[in-house]
Every structure is written in structure tokens, then in C-alpha cells.
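Biologist: Please show me the model, and let us go through it by question and answer.

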Amino acid sequence: MHVGSGSVVDPAGRWYPAAIRIGVMELHADLSQRAVLDTTSLPWSPSPMAGVMRRMLDRSGGEVARATSVVRYAPGSRFERHVHNGGEEILVLEGTFSDEEGNYPAGFYLRNPAGSSHAPFSDQGCTILVKLQQMQPADQQQLVIDTNNGGWVPGLVRGLEVMPLHASGSEHVALVRWAPRTVFQPHGHPGGEEILVLDGVFQDEHGSYPAGTWLRNPPGSVHRPWSEAGCTIWVKTGHLVVTVGRQGWEAAAAPPAKTSTRPPLP
Ligand SMILES: [Fe+2]
Ligand SMILES: [Fe+2]
């Protein structure tokens, strides 16, 4: 329902301010810098569509930007039809996200390649992680993976399980599950690493990262991770050396490397 000038109240009685469009923004935009954010405590900012709010994690550009965000759809809200010029990558965190192709409950991982388009909505409401304009133009694989259906394989050390989600060039995406008291060996990230902690507490020598923490380790960084309590993380590696500039891959400094089958490191 609409109240006032463009404001909305969802069926649960939550109020959302009028939709806005933002100007050019640089937020954690330097991919050579480490970033650690507690996504659960970031403010919700209005999006161009009333009822669709976002927590900005990194951003370079205007309303159309290379951006990583946690986006929340109020029940019954929808987003205008749009084309993904630089691709769109989504992990559904809560509720059910939908578009004209289907419904995607929590745990679905989606990749909409460069040039694809859709008109998304959510009947019951949802929260999703979204990465925009960070996909190789040549990576045209459309993916819809229900991570609730299994697909876990043993990791490199005891207590670690991996669910590979995608590999293209130097980029690898996976879920990684850590049993309590699992310790991984020291390792580097030539192409950087990005993590969202989904449950439990992830740790390394630089800090302790509870569920909801978004972590970006720059290219060339090194760490020795472990988890005392156990955790599940969404992890993406090898992508931070090439997603440069406001136009993402269009301004990439290096061509994508050959696809490798090496699993991502946590
Ligand atoms: Fe989209
Ligand atoms: Fe790592």
C-alpha cells in the first residue's frame, strides 16, 4: 500500500521511504584495499523502487554501478525490468526472490550473464546478496543452483566441505562449510578473495567474523583461516584483479585467464 508521497507500508506494517536515485558514489571501491563490514548493522538505503532497500558494501558509479549490495525486497515489491550490462550474481539469503523465470528461495545461487534482462519481484519478501557489473562478457553461463540440494565435496583439510558453484577464468565461487575447530593452512590470494559469512563464526589471524560479515581480502593478501565454532561461508576468489573501473569487465586491465578446475581456497 502507498502512503504519503511515494512511501510504502508492507503487509507486516514496515514503512519504507520514497524511492530515490543516487549520484556517483565511491564506496570501498578500491579493490586493492581490504574491507570488513558487519552487513547486519549497515543502514538500509532506498533504491529506485519503493519497497526495495539496500545495504551498500562496495560501489563505484551512479545508479548503474559496479556494486556489491545486500538488497531487501518488502513483501509484494518489485523492481523495474532491467538489462544486466555487466552481469548479475545473486545469493538468496532469506525469503523467496522471484522473476518471470521462477521462484528462488533462500539458498539459491543465480548468475544472470551480461546482456540478460528480467523483472524481479518478491511476493513474501526476501533478502539477497547481489553483485552487479563484475562478470566477464565471455562468461555467458546462466546458472540457477539450489544449494539446499547438496553437492558438498571434501575440502583440502579434515573438517572442511566445499560446494563449487561456478568457475570461469581465474574466478571461482563456492560455499565452504567448516566443522568446529577446523584449521586451514596459510595461503595467498593472487586474485583476491571475497567472503560472506552465512552462519557461525569464521576467523583468521586478522580478526573474527560472525554471521553477516562481508570480508574482502585484496590481491596478494595472505592469511591462515580457522573456525573454532564452525561456520558456513560464501567465498569467491580470483576476481579482484580484473573487475576494475566503473564499467567493470569492460574496463578490465587483463584478459580472463583459461578456466582452471582448481577449487577455491577459503
Ligand atoms: Fe537483475
Ligand atoms: Fe583465503
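Biologist: Which residues touch the most other members of the largest nonpolar core?

Modeller: This is a predicted model, in which local features need pLDDT of at least 70, side-chain atom pairs count only at pLDDT 80 or more, and totals for chains, interfaces and linings use all residues. Residues are numbered from 1 along each chain as its sequence is written, while chains are lettered from A and ligands numbered from 1 in the order in which they are written. A nonpolar core is a set of buried Ala, Val, Leu, Ile, Met, Phe, Trp, Tyr and Cys residues joined through C-beta atoms within 7 Å; buried means that 20 or more other C-beta atoms, placed from the backbone, lie within 10 Å of a residue's own. The largest such core has 44 residues, and those touching the most other members are Val 92, Ile 128 and Ile 233.

Biologist: How many residues of strand β7 are buried?

Modeller: Strands are DSSP runs (E, at least two residues), numbered from the N terminus. Strand β7 covers residues 52-61 and is largely enclosed by the rest of the structure, because the buried residues number 10 of the 10.

Biologist: Over how many bridges do β7 and β8 pair?

Modeller: Two strands pair if DSSP finds at least two bridges between them. β7 and β8 form a hairpin with three residues between them, and Arg 55 stands opposite Val 70 in β8. Strand β8 (residues 65-73) pairs with β7 in the antiparallel sense, and the bridges number nine.

Conventions: Buried ≥ 20, exposed ≤ 12 C-beta atoms within 10 Å, placed from the backbone. Helix = DSSP H or I, 4+ residues; strand = E, 2+ residues; numbered from the N terminus.
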